[in-house]
Amino acid sequence: MAKGAPAILTIAGSDSSGGAGIQADLKTFAALGCYGASAITALTAQNTIGVQAVHGTPPDVVSQQINSVLSDIDVRGMKTGMLFDSYVIHAVASTLKEHFSNNGVIPLVCDPVSVSTSGHTLLHPDAIDTMMDEMFPLASLITPNKFEAELLLRRRGFPSAINTVQDMITAAQNLSTLGSNAVLLKGGHINIFREEISGVVSPDIEVNRDFIFDQNVEILLAHNSANATNELVVDVLFIKSEGKAVLYPRPRLVSSSTHGTGCTLSAALACALGRDIALAEATAQATSYTHFGIETAYPIGQGFGPLNHLHSITKSLVAPRTNRNPFPLTYSLIRNTSAKWTKYVQHEFVTQLGKGTLERSSFLHFIKQDYHYLKYYARAHALLAAKSDDFAPMLAATHIVLHIARESSMHTSYCAQWGITKEELESTPESTTTTAYGAFLLDTGLQGDTMRLVMVLAACLLGYGEVGLWLKSEAKKPDSWVVWEGNPYLKWMEDYSGKDYQNAVKVGLETIESRAVADPPSASRYAEWLAVWERCTDLEKSMSCCCYFRANVQFSNMASGNGETTATIDCPVAYAKTRTPYT
């Protein structure tokens, strides 16, 4: 156990199959770097198929277990699970209340286990009342599911039907009047769709977007069919002292590995609160841990198996690759540079191109500069071949260099269509931004490891792909500002949003993601990758190739041809394919 690991106490039943109860709690504590202690309220004989027998622990023994732990160990967080009956609930509440009075309050997560997944009541009515009257006032947070929440609300005369996000928010607010400091209403049994989320956002309602792709990630959505579903699971946190609700949406998983989900979530919450993490962030961490526990689980047993509680044992700065999110590295890079990425993708140059109003002189200027950039791009792939330690990547990089050299004639022909001769291409001076980006390419190749150079090359590829798909997506909207038919730059938009180029994007995504899995980055190495990506995004706003734009130049300067470049219009997809990083 790591030095300084907070001790967390679970007060719950024992699951002989190991998937729920104190077994799930203790695994979660350990996986999250905490020391786990337990007080057992009941013994169960159960497996993944069902519960065969239950034997309650005498209430005085439950109290003795709690006191034994609290009198000796500096417990920083606690959770309760199945409390069996009103006598055990009273014993637990009385013991904790006395300890809180004498020694100070410890964050307590109360999972009000009272209704099974199938909707069957697990506690007698008097036990439910005892839990609300005695346990809830001690709790920092209660975590009911839909059925438990509806039962609790009925017992106190509140409207109880919960079927929508708005129902969940109202229910969480009403549940907060029962005594706890906050309520996390779990949404696993409620079908919610993406459209409902935007309809309820207000100044008092926040949306955590850890599992919801932000804008300008069209390349990730287009190449991830598993994320196409609109059906979500939404947990709703209501913090009474702040009068604020926070929504935690995530894609619904189709899985039979869900045994002990509620236990795992409340245990993870107790760990986070035991580290003095603020409630909203604690919930984000706990819901994420639980989600990945389901998504990365392997089948155990013949029924509903347990989560994978150990998925977080191997610490990684990049989330694991899953069917839902096969591109976690790319998504992390985009999110961590989101402001710059959005300015790049939605730059004025792009919008003018989409409208068909881009100045012809700007367009011609960028075509000329792209010719110079081709040489840098070929040199960078030659460096990539030189830095490779295996013949396959050497051959792949060399093929790209040869392809660029061959396709330079196509670029020349493309320029000729716009009245630019080969002599004019050669005689046009490089702009300072073209030189700056080319120098960055070569410098990265000379100084960094292979992955840093791959990152630079992939950024160019993915940037083009994102702009192309964004314009295509915008064009499909009603009354769109994008002019598709009749646009003088339609060929460019079709090329970079089209199948051929997007296939190249898919290869690029797979390249950097598979490399990250094979050689996970340390904190310092990830920081290097992020710095390279961010620098590329900056250059993308100012360079004259790969649609790299300069945000600090007034749009009126775009037609000047004075070296202050903001973007490129580039040549057709046959050349664009050369921008694919090797695998």
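**Nonpolar cores and ring contacts**

Setting aside residues up to four places away in sequence, Leu441 touches Tyr373, Tyr376, Tyr377, Ala380, Leu453, Val456 and Leu457. Keep in mind that the model is a predicted one. Leu441 also turns up, with Leu329, Tyr437 and Leu471, among the residues that have the most contacts inside the largest nonpolar core, a set of 77 residues. Helix α18 (residues 450-475) supplies the largest share of this core, at 16 residues. Apart from it sits another core, this one of 57 residues, with Phe100, Leu108, Ala127 and Met132 among them.

On to the rings: the structure holds 14 aromatic pairs. Phe211 and Phe292 make a tilted one, at 5.7 Å centre to centre with 45° between the planes. That pair ties together distant parts of the chain, 81 residues apart: Phe211 is in the loop between β9 (205-207) and α8 (218-222), while Phe292 belongs to helix α10 (residues 279-295). Both Phe211 and Phe292 are buried.

Tyr373 and Tyr437 also pair up in a tilted arrangement, 5.4 Å centre to centre and 35° between the planes. Elsewhere, ring pairs join Tyr464, Trp492, Tyr496 and Tyr501 into a cluster.

Charges meet rings too. Arg379 lies over the face of Tyr376, 5.0 Å from the ring centre, and Arg535 lies over the face of Phe440, at 6.0 Å from the ring centre.

Key: Residues numbered from 1 in each chain as written. Predicted model: local features only at pLDDT ≥ 70, side-chain atom pairs only at ≥ 80, totals over all residues. Heavy atoms only, no water. Core = buried A, V, L, I, M, F, W, Y, C linked by side-chain atoms within 4.5 Å. Buried < 20%, exposed > 50% of the residue type's maximum accessible area, 1.4 Å probe, protein only. Helix = DSSP H or I, 4+ residues; strand = E, 2+ residues; numbered from the N terminus. Contact = heavy atoms within 4.5 Å. Phe/Tyr/Trp six-rings, centres within 6.5 Å; stacked < 30°, edge-to-face > 60°. Lys NZ or Arg CZ within 6 Å of the ring centre and 35° of its normal.
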